Amino acid sequence: MIMLDEVLDGIIVSLSEMFEKTTQAHRHAIQALIQKDNKKALIVLDGDEHINQLEEQINYDVMLAIAKYQPVASDLRKLIAIIKVANDLERIGDYAKTIAKTAILNCDETFLNETFLKNSLKMSNIVIDLLEKAREAFIRQDVDYAYEIIQSENQLGGLLRETIASNPFSLIKDDNVESYMLLMGVLRTLERSRGHLANICEATIFIGNGKFVEL
């Protein structure tokens, strides 16, 4: 008979893959934007379905494990946290898809300027770095590391404010409201990733001490 520990190990493997796919999606999306590379953008769009399928499978496996084994204490906390983390990863994956779509729209260099590209790359690199660290903290169930990650993520908000502090239309080549809205969409999705990364760290802390904290 398969034990709960084995089932949990299998679910964690799927969640780890979801972390990797989501991180890869952001890496390809920002490369597509910076390099005007439609092929990389399409890789992100195609891969988004795999991320969604992983979330669905993880949710199904967790609910099946709860129904079959009726776990308590730390095992139940871990299963609940996994569902929350998978949902946050799915949303972060959607943000990568938004960036990839903008990359396709700008493939002929119609409206992006260097200031926008430079700051978008900085923000995206922070998201990628935080994703990798959040994965490590969750897999290790390292509460202290989760707190440390959140304390360092304020860089995203600072970069966003820096990027839009001057004349907003300085971010685009032409005085075009539609282009500006698309670019703000990229910046906002990167900034919103911060909230979901905080949720992942909160889930890690929940596993460790049994309490939900708001970071």
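Helices here (H or I, at least four residues) and strands (E, at least two) are DSSP runs, numbered from the N terminus. This is a predicted model, where local features need pLDDT of at least 70 and side-chain atom pairs count only at pLDDT 80 or more, while totals for chains, interfaces and linings use all residues. Residues are numbered from 1 along each chain as its sequence is written, and side-chain values use heavy atoms, with hydrogens and water left out.

Staying with H4, how far should its 27 residues span at 1.5 Å a residue? The expected span of a helix is 1.5 Å times one less than its number of residues, so H4 should span 39 Å, and its end C-alpha atoms, 39 Å apart, agree with that.

Next, the whole chain. The protein chain has seven helices and zero strands. Of its 215 residues, 46% are buried, where buried means under 20% relative accessible area, exposed over 50%, and partly exposed in between (1.4 Å probe, protein chains only). Taking contact as heavy atoms within 4.5 Å, look at the contacts with a separation of 6 or more: residues 24 or more positions apart account for 81% of them.

Now helix packing. Two packed helices are described by the angle between their axes and the distance between the axes. H1 packs with H4 at about 170°, the axes being 10 Å apart. Axes are lines fitted to C-alpha atoms, for helices over the stretch in contact, and angles run from 0 to 180 degrees between N-to-C directions. That angle makes the two helices, H1 and H4, roughly antiparallel, since the label applies over 145 degrees, with under 35 roughly parallel, 65 to 115 roughly perpendicular and the rest oblique.

Which residues touch the most other members of the largest nonpolar core? They are Leu15, Ile82 and Phe138, in a core of 59 residues. Such a core is a set of buried Ala, Val, Leu, Ile, Met, Phe, Trp, Tyr and Cys residues joined through side-chain atoms within 4.5 Å. H7 gives the most to this core, 14 residues.

Leaving aside residues up to four places away in sequence, Phe138 touches, among others, Ile12, Leu15, Ile82 and Ile207. Ile207 lies in helix H7 and counts as buried because its relative accessibility is 5%. Leu79 is 128 residues from Ile207 in sequence, yet their C-alpha atoms are 9.1 Å apart.
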